[in-house]
Amino acid sequence: TKFIQQLPKIELHAHLNGCIRESTLASLASERNVKLSSLLHDLQQETHFTEEEKMNESPQEKVNKKRRSLLECFEIFTEIGLCVTDLVALKQICIEALEDFAKQGVVYLELRSTPKVLLDTMYGTKATKKDYIDTILKCMADFEEQDQERYKREMEDVKQNANASSQSLPRLPMTCRYIVSINRAESFEVAQEHTQLAMEYAKKSKYVVGLDLSGSPLKNSFTELEPCFRMAKDAGLKTSIHCGEIPCEKGVDNETDDALIEFSYRDTKKILDFEPDRLGHALLFTDEMYEALERGKKIPIECCPTSNVMTLELATHYEGDLVHGLRRHPRLSKWLENDYPCSINTDDPGIFNTDSSLEFLLLVDAFGFQNPARIVSIVMDSIDHAFESDDFKAKMTGLVTSKINGIL
Ligand code: 5GP
């Protein structure tokens with residue numbers, strides 16, 4: 001457990017608004033007179049744990065305290081949108097998200113978010129999508145600078161203390177990057193606008209590295225949005241696309257109707273043919289789709305264990321705990337065994353009440369890894385999938401390797 005906490009981690013799939021702390025959501029809601037749905041939130045319950053409490057409790061015990069299905073999550077995102085209505089609130093949730101990831105030992109973070117026009121009726125302010133992006137990038141730049149300074153200071157202290165062990169080396173500083181999201185529920189024109197923004201910012205800022213497709217999988221199809229992703233790809237931007245959140249074949253559940261299954265099948269095929277740089281979730285594919293990926297393209301997959309279990313529960317009405325739920329993941333155990341390229345991520349840590357360390361603990365509990373080398377290899381592999389240059393990845397690999405050698 002201590003090893004996992006200290007382990008440097010790579011987070012490639014996290015949605016900014018999904019990182020909101022429950023306490024921050026509650027206070028923003030009360031300032032804005034937004035009534036949060038009591039069915040979706042359990043605000044009376046103490047959900048913040050000390051580090052010691054977290055470590056003494058198994059991940060499923062902790063996270064099970066608040067279960068949320070994928071559809072409930074989308075309702076919560078609507079509520080979050082009613083609360084994050086100005087740049088001050090945006091800055092707050094962004095800084096807190098960066099702090100929370102760094103605290104869990106994340107050394108490289110790709111945070112994604114859908115640019116929004118913020119119209120605040122309380123303060124009467126208006127912020128454009130460019131203001132939205134600028135605010136996130138400024139938070140990232142400031143955070144990196146402070147974190148680098150902290151690291152240097154702590155290293156100096158270690159050097160002066162002749163008795164310091166390699167175990168007490170300071171936490172590595174965190175590098176932050178931003179992926180522009182397209183929300184499936186929005187129009188083609190908006191998707192085009194976000195593609196242009198991603199391309200424009202990628203030219204002038206090292207922080208903007210890619211384009212993502214997320215949002216309700218019930219809305220729109222990739223076919224319509226493909227030109228945007230092709231344009232981004234041609235311009236040298238990396239792409240990540242959510243997929244496999246709805247069954248692509250009959251028999252997975254009794255609820256998804258045939259038309260939706262057919263839609264999901266065709267949509268997923270299109271996404272796979274497009275060959276994005278990474279796939280988000282890739283959970284409910286057909287065997288034939290999985291086999292084609294495993295034999296051929298091996299597109300790296302962003303796995304989000306807790307979030308994936310919630311989706312599986314929705315699909316199968318499985319009422320077990322997270323550990324058992326994760327064992328029902330159609331492919332994860334096989335991927336890990338055969339070194340299929342995948343990373344372990346949080347998706348929406350504020351909503352699923354999880355963090356980067358808990359996701360790895362869940363993985364260990366579900367698949368019984370005894371050898372730390374198994375976990376280390378996932379981290380090293382994830383560096384390779386980062387939307388960054390080979391040079392950057394080589395440096396990051398060196399840094400992470402020396403830190404891991406220190407804690408092993
Ligand atoms: P934001 O882009 O507003 O910063 O982050 C929240 C948004 O991310 C949600 O409104 C939704 O569009 C997207 N999102 C978060 N989690 C998921 C997920 O598990 N699946 C999909 N498809 N989209 C998600």
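The chain comes out with a mean pLDDT of 91, and 91% of its residues reach 70 or more; pLDDT is the predictor's confidence in each residue, from 0 to 100. This is a predicted model, where local features need pLDDT of at least 70, side-chain atom pairs count only at pLDDT 80 or more, and totals for chains, interfaces and linings use all residues. Residues are numbered from 1 along each chain as its sequence is written. For the complex, the predictor gives an ipTM of 0.99 and a pTM of 0.94.

Now look at helix H17 (residues 372–385). Its 14 residues reach 21 Å from first C-alpha to last, close to the 20 Å expected at 1.5 Å a residue, the expected span being 1.5 Å times one less than the number of residues. Ile 375, Ile 378, Val 379, Ser 382, Ile 383 and His 385 are buried in H17, that is, 20 or more other C-beta atoms, placed from the backbone, lie within 10 Å of their own. Down the axis of H17, these buried residues fall within an arc of 160°, so they line one face of the helix; the arc is that of the directions from the helix axis to the C-beta atoms. They pack against partners including helix H1 (2–6) and strand S1 (9–15).

Notes
Helices (H or I, at least four residues) and strands (E, at least two) are DSSP runs, numbered from the N terminus. A residue is buried if 20 or more other C-beta atoms lie within 10 Å of its own, exposed if 12 or fewer, and partly exposed in between; C-beta atoms are placed from the backbone. Two residues are in contact if their C-beta atoms, placed from the backbone, lie within 7 Å.
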